[in-house]
Amino acid sequence: MTVLDEIIAGVVADLEARQAARSLESLQETVAGWRPRDPKPALRASGLSVIAEVKRASPSKGHLATIDDPASLAQAYQDGGAAAISVLTEARRFRGSLADLSAVRAAVSVPLLRKDFVVTEYQLWEGAAAGADLALLIVAALTPSQLADYLALGHRLGLTCLVEAHTPDEVRQARDAGAELLGINNRNLKTLDVDLANFEQMASLIDGDAIRVAESGILSLDDARRMREAGADAVLVGELLVRDGDPAATVAALRSLA
Ligand SMILES: O=C(O)c1ccccc1NCC(=O)[C@H](O)[C@H](O)COP(=O)(O)O
C-alpha cells in the first residue's frame, strides 16, 4: 500500500462518520446560497502568485507547526499578498479539519482552497458548504471518469478546481480534462520523494491558458525563483510559511519574484 493509498483509506473511514452526521441534502441547502470567488485573476497577476498553505503536519515531515489560530496565520498570508490560501482539512496525517477552513473563511476575503483528498462528490459539496472557492482533484487518486465528473460538479458549484499531476501522463490527463489550474506536485505522493526538477521537466506540457502551479518542496526564495524561471504562474507553499517567523513578509518576497 502506498502512502497515498493509506491516506485515502483514512479519508474514506472518516468520511463515513461525517456523512452519518450531515446529509448531502443539508450540504446542498447551505451551498445554495454560496457564491465562490474566482481565483484566476489574482493567480494570473504580474509577478509570482502565491497559494499559501495552512499545514500543521504531514506524512513526510511529521509535526511542522503548532497552529492554534489558523485565522491569524491566514490573515498574515493575505496581508502579504497571497492570491489564495490552501487549508489542509485532512485529520489523520495533516491534523487539519473543516473547522479550520470555516475559521479561515470568517477571517479573510481571498479565495480558499480546501486541501484534501477528494474521492467522492460529497467532499466537493462539503468544501463549498464550508466556504471554499477552490477544490483539489488529484489525478493519481481518481479514475478518468471521476476526474471528468468532479470537474463538472465543481464547475456547477462555482468552484475552481486545481487539478494536480505528478507524471507526464497525469499532466496530459489533467490538460485533456480541461483543467483551468494545473498543479505539478514536486512530491511523489506515493513515495514522498521531492524533486523540483519535476516541475522543470513537465511545465512545458501545460499548454494553452491553464494556470501553471508548482507545488511542494519550495523551501526558499531561490527554490521559488527556480519554479518561476521554469514557467510557474503560481507556487503552492506550506512548510516554508508555517515555519516562518514572518509569513506575511515571506509571501510578499515570493510575490516580488518577477
Ligand atoms: O506534504 C506531504 O508530506 C504530503 C504527503 C502525501 C500527500 C500529500 C502531501 N502534501 C500535500 C501537499 O501537496 C503539500 O502540502 C503542498 O504542496 C505544500 O508542500 P510543502 O510546501 O512542501 O509543505
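1. In the side chain of Lys115, an N or O atom is 3.0 Å from an oxygen atom of the ligand. The model is a predicted one, and this distance, like the others below, is to be read as a property of that model.

2. For Ser216, the separation between an N or O atom of the side chain and a ligand oxygen atom is 2.6 Å. For Ser58, a polar side-chain atom is 3.4 Å from an oxygen atom of the ligand. The protein buries 99% of the 510 Å² that the ligand exposes when taken alone.

3. The shell around the ligand comprises 20 residues, of which Glu53, Lys55, Ser60, Ser216 and Gly238 come nearest. Sorted by class, this shell has eight nonpolar, six polar and six charged residues.

4. As to where the ligand sits, the space it takes is the largest cavity.

5. The largest pocket is a separate entry in this note. The space in the largest pocket is about 160 Å³. Two elements each give two or more residues to its lining: helix H7 (144-157) and strand S7 (160-165). H7 gives the most, with three residues.

6. Residues lining the largest pocket include Leu151, Gly154, His155, Cys161 and Glu180. By class, the lining of the largest pocket has four nonpolar, five polar and one charged residues, whereas the shell around the ligand has six charged residues.

Definitions and conventions
Residues numbered from 1 in each chain as written. Predicted model: local features only at pLDDT ≥ 70, side-chain atom pairs only at ≥ 80, totals over all residues. Heavy atoms only, no water. Near = heavy atom within 4 Å. Polar contact = N/O pair within 3.5 Å; in protein donor to acceptor, adjacent residues only side chain to side chain. Areas by Shrake-Rupley, 256 points an atom, 1.4 Å probe, with all protein chains shown as cover. 1 Å grid on protein atoms, 1.4 Å probe; cavity = no way out; pocket = protein on both sides within 12 Å on 5 of 7 lines; lining within 4 Å. Sits in = over half its atoms within 2 Å of the grid points. Nonpolar A, V, L, I, M, F, W, Y, C, P; charged D, E, K, R; others polar. Points joined across faces, edges and corners; volume = space filled by probe spheres on them. Helix = DSSP H or I, 4+ residues; strand = E, 2+ residues; numbered from the N terminus.
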